[in-house]
Amino acid sequence: GYANGLKRRCQHNSDLLDRAIRYIVQEKPDGVIFTGDAVSTADPREFEAALPHYQPLIDSGIPVICTPGNHDLYVKDGSCRRAMEKFYAALADNDCFKAGCRKIGNLRVISLPEARPVPIWLSCGYLSAESVQFVLDEVKKEDPSPILLAGHFPILEDSLRRGLRIWPGNPGLL
């Protein structure tokens, strides 16, 4: 995150974001899944600047399922955390900070909060024991609808620095 403060701050192309949001609102999908990285450095000013770009989507009434990404949750700083929570509360139709399931059409979308503050040399996510158990319980339900796992990190990435980790003591997901 520290390198992003020097390298990536203000590099979001808001014109592209605005075009994408206009397109989504125009197409009126059954729902939108947003898996994070609304900002680069988790600075409260970034969240404040980003929110107006998402306002047309918020106002559209299209359900939005969210989970934060690592760039949204780099630091443990309270002001950064509060700004991120405010942003996602405005954008999301779900509790972004715990695993949940929502139907979009005939699809069950399980949102997985995987981001948490990590040392600066890592870009990995973590699944909590509660999230793993939530997925296992949801899969056991007698609902024939397909399930989509929606999280920020690739489940099958196995590099040391990136990918998804299971918190110690978890039974594992795969």
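This is a predicted model: local features need pLDDT of at least 70, side-chain atom pairs count only at pLDDT 80 or more; totals for chains, interfaces and linings use all residues.
Which residues are exposed on the other side of H5?

The protein chain comes to 5 helices and 7 strands. Read along the sequence, these elements follow the pattern α-α-β-α-β-α-β-β-β-α-β-β. Of the 174 residues in the protein chain, 40% are buried. Looking at contacts with a separation of 6 or more, 76% come from residues 24 or more positions apart.

Helices H2 (residues 14-27) and H3 (residues 44-60) make a handy pair to look at. Their axes come within 8 Å and cross at roughly 10°. Angles under 35 degrees count as roughly parallel, and H2 and H3 are therefore roughly parallel to each other. On the H2 side, the contact is made by Ser-14, Leu-17, Asp-18, Ile-21, Ile-24 and Val-25, while H3 brings in His-53, Tyr-54, Pro-56, Leu-57 and Ser-60.

Now back to helix H5, which runs over residues 129-140 and so has 12 residues. From its first C-alpha to its last, H5 reaches 17 Å, close to the 16 Å expected at 1.5 Å a residue. Ser-131, Val-132, Val-135 and Glu-138 of H5 are buried. These four cover an arc of only 130° around the axis, so they sit on the same side of H5. That leaves the opening question: on the other side of H5, the exposed residues are Glu-130 and Lys-140.

Note on methods:
Residues are numbered from 1 along each chain as its sequence is written. Side-chain values use heavy atoms; hydrogens and water are left out. Axes are lines fitted to C-alpha atoms, for helices over the stretch in contact, and angles run from 0 to 180 degrees between N-to-C directions. Helices (H or I, at least four residues) and strands (E, at least two) are DSSP runs, numbered from the N terminus. Angles under 35 degrees count as roughly parallel, over 145 as roughly antiparallel, 65 to 115 as roughly perpendicular and the rest as oblique. Contact means heavy atoms within 4.5 Å. The expected span of a helix is 1.5 Å times one less than its number of residues. Buried means under 20% relative accessible area, exposed over 50%, partly exposed in between (1.4 Å probe, protein chains only). The arc is that of the directions from the helix axis to the C-beta atoms.
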